[in-house]
Number of protein chains: 2
Amino acid sequence: MGCMPRKPVARDAVLDAFETLLIDVGERAATLDAVAKKAGVSKGGLLYHFPNKEALIEVLLDRLDGLAKEDADAMAAAAEGAAAYFIRSSVWADTPLDRAIVAATRLAEVAHQETRRRFAAIQQRWLDEIAADVGPGLAKAVLYMGDGLYFNAMLSVGPAPQGGAAADVEELLAALERLRR
Amino acid sequence: MGCMPRKPVARDAVLDAFETLLIDVGERAATLDAVAKKAGVSKGGLLYHFPNKEALIEVLLDRLDGLAKEDADAMAAAAEGAAAYFIRSSVWADTPLDRAIVAATRLAEVAHQETRRRFAAIQQRWLDEIAADVGPGLAKAVLYMGDGLYFNAMLSVGPAPQGGAAADVEELLAALERLRR
DNA sequence: ATAACTATACCGTCCAGACGGTACAGTTTG
DNA sequence: CAAACTGTACCGTCTGGACGGTATAGTTAT
């Protein structure tokens, strides 16, 4: 019945290009044409792998879920504690998870309901891990500190270069230590 | 004396409708047609006041600047201190400033550079006021807590109803007290 | 009289998606 | 072995609709 398929090299390229465009130029400008061009693929080729834009989004969200789950597991096992790990990982470092989160954020901003649902689930998992570390009374404070870091990354990432957000982390970790006693 | 022109009632209605649509359905769906319809104004009437969409955005940002400045002044004068005032005001309460901020956030997410610049300026002002209250070492921690609240409001506001975010504030204020000593 | 509109028709551009075709890897059959 | 065939992985073009914006003629309120 068929034959050995050759490797779909375009598929991953398309997904990465979509992610990059979401991060750099926003949802509005992440058109199918732009994605295809960035991926070095024809529009027809893109639509062969992803029947429509929604499919592109779904696969991106699945990737996000996988990365977020991995990260949450690492967070639960972190020697420095879940809270410190969380704050440290909330600074923009261009990791696959960072990129997936910011890309998805662009979609959530456009009122994409499914994206918002996924985010809520990820946030809940984070909150649980942090609460297990610092207690339920302080968990929200820590969670929101990290979210604030993401919020600021969102508003500056892209064409604009990213400054010394890494320095902020030390401040936040110091604040965390102070909360902890 | 003589013939005074009648009041431009449509202008404010258009601006409010634009803001509401940005908040509820995102930038993508906040089209000129949709704004005019929501405002109960003809498209011609809309374009009579705002020659193009960019003009609509500019006026919205000016309104944001005004409200933000008022708020920062109130923050500096707050009896409970700038930090507590900031946290308290960061929770979504559907105030004119809240609405202006979330609406503008939708534009920033679409990589609108001018919006991002304005945001950076507002954030800086907030940071200054907070630093004057709790000292420079803790200012970022407090600022990011508030930003985190906004971040979460952004991702849930809209069609979805807003839950008990007000309860979170008490947690954050308790954390703030703990940081303060 | 004039500002503040309404209503409608229209234009150029952009975009999502459909569609038909091509190149090629492997499989089957004479 | 080789022609015939099959399914995968693309390419390039087209279309229908939406959107931003223009134009213009008429209407209402002051």
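Start by selecting A:Met145: setting aside neighbours within four places in sequence, A:Met145 is in contact with A:Ile87, A:Leu172, B:Ala141, B:Tyr144, B:Met145 and B:Gly148. Here two residues are in contact if their C-beta atoms, placed from the backbone, lie within 7 Å.

Before moving on, know that this is a predicted model, in which local features need pLDDT of at least 70, side-chain atom pairs count only at pLDDT 80 or more, and totals for chains, interfaces and linings use all residues. Residues are numbered from 1 along each chain as its sequence is written, while chains are lettered from A and ligands numbered from 1 in the order in which they are written.

**Stop 1: the core.** Which residues have the most contacts inside the largest nonpolar core? Select A:Ala104, A:Val142, A:Met145, B:Ala104, B:Val142 and B:Met145 to see them; this core has 106 residues. A nonpolar core is a set of buried Ala, Val, Leu, Ile, Met, Phe, Trp, Tyr and Cys residues joined through C-beta atoms within 7 Å. A residue is buried if 20 or more other C-beta atoms lie within 10 Å of its own, exposed if 12 or fewer, and partly exposed in between.

**Stop 2: chain A as a whole.** Helices (H or I, at least four residues) and strands (E, at least two) are DSSP runs, numbered from the N terminus. The C-alpha atoms fill a box of roughly 65 × 40 × 25 Å along the principal axes. Of the 181 residues of chain A, 41% count as buried.

**Stop 3: helix H5.** Select residues 82–90 of chain A, where 7 of the 9 residues of H5(A) are buried. These are A:Ala82, A:Ala83, A:Ala84, A:Tyr85, A:Phe86, A:Ile87 and A:Ser90. They pack against helices H4 (53–77), H7 (113–134), H8 (136–156) and H9 (165–180) of chain A.

H4(A) and H5(A) pack at about 135°, with axes 7 Å apart. Axes are lines fitted to C-alpha atoms, for helices over the stretch in contact, and angles run from 0 to 180 degrees between N-to-C directions. The two helices are therefore oblique to each other (under 35 degrees counts as roughly parallel, over 145 as roughly antiparallel, 65 to 115 as roughly perpendicular and the rest as oblique). Where they meet, A:Asp71, A:Met75 and A:Ala76 in H4(A) touch A:Ala82, A:Tyr85, A:Phe86 and A:Ser89 in H5(A).

**Stop 4: an exposed residue.** Is A:Ala77 buried or exposed? Select A:Ala77 in helix H4 of chain A: it counts as exposed because it has 10 C-beta neighbours inside 10 Å. The C-alpha atoms of A:Ala77 and A:Leu15 are separated by 30 Å.

**Stop 5: where the chains meet.** Bring chain B back. The contact takes 35 residues from chain B and 35 residues from chain A. On the side of chain B that touches chain A, H8(B) gives the most, with 16 residues. That side divides into 19 nonpolar, 6 polar and 10 charged residues. Ala, Val, Leu, Ile, Met, Phe, Trp, Tyr, Cys and Pro count as nonpolar, Asp, Glu, Lys and Arg as charged, and the others, Gly among them, as polar.

Finish with H8(A) and H9(B), which pack at about 90° with axes 8 Å apart. That makes H8(A) roughly perpendicular to H9(B). Select A:Gly137, A:Leu138, A:Lys140, A:Ala141 and A:Tyr144, which meet B:Asp168, B:Glu171, B:Leu172, B:Ala174 and B:Ala175.
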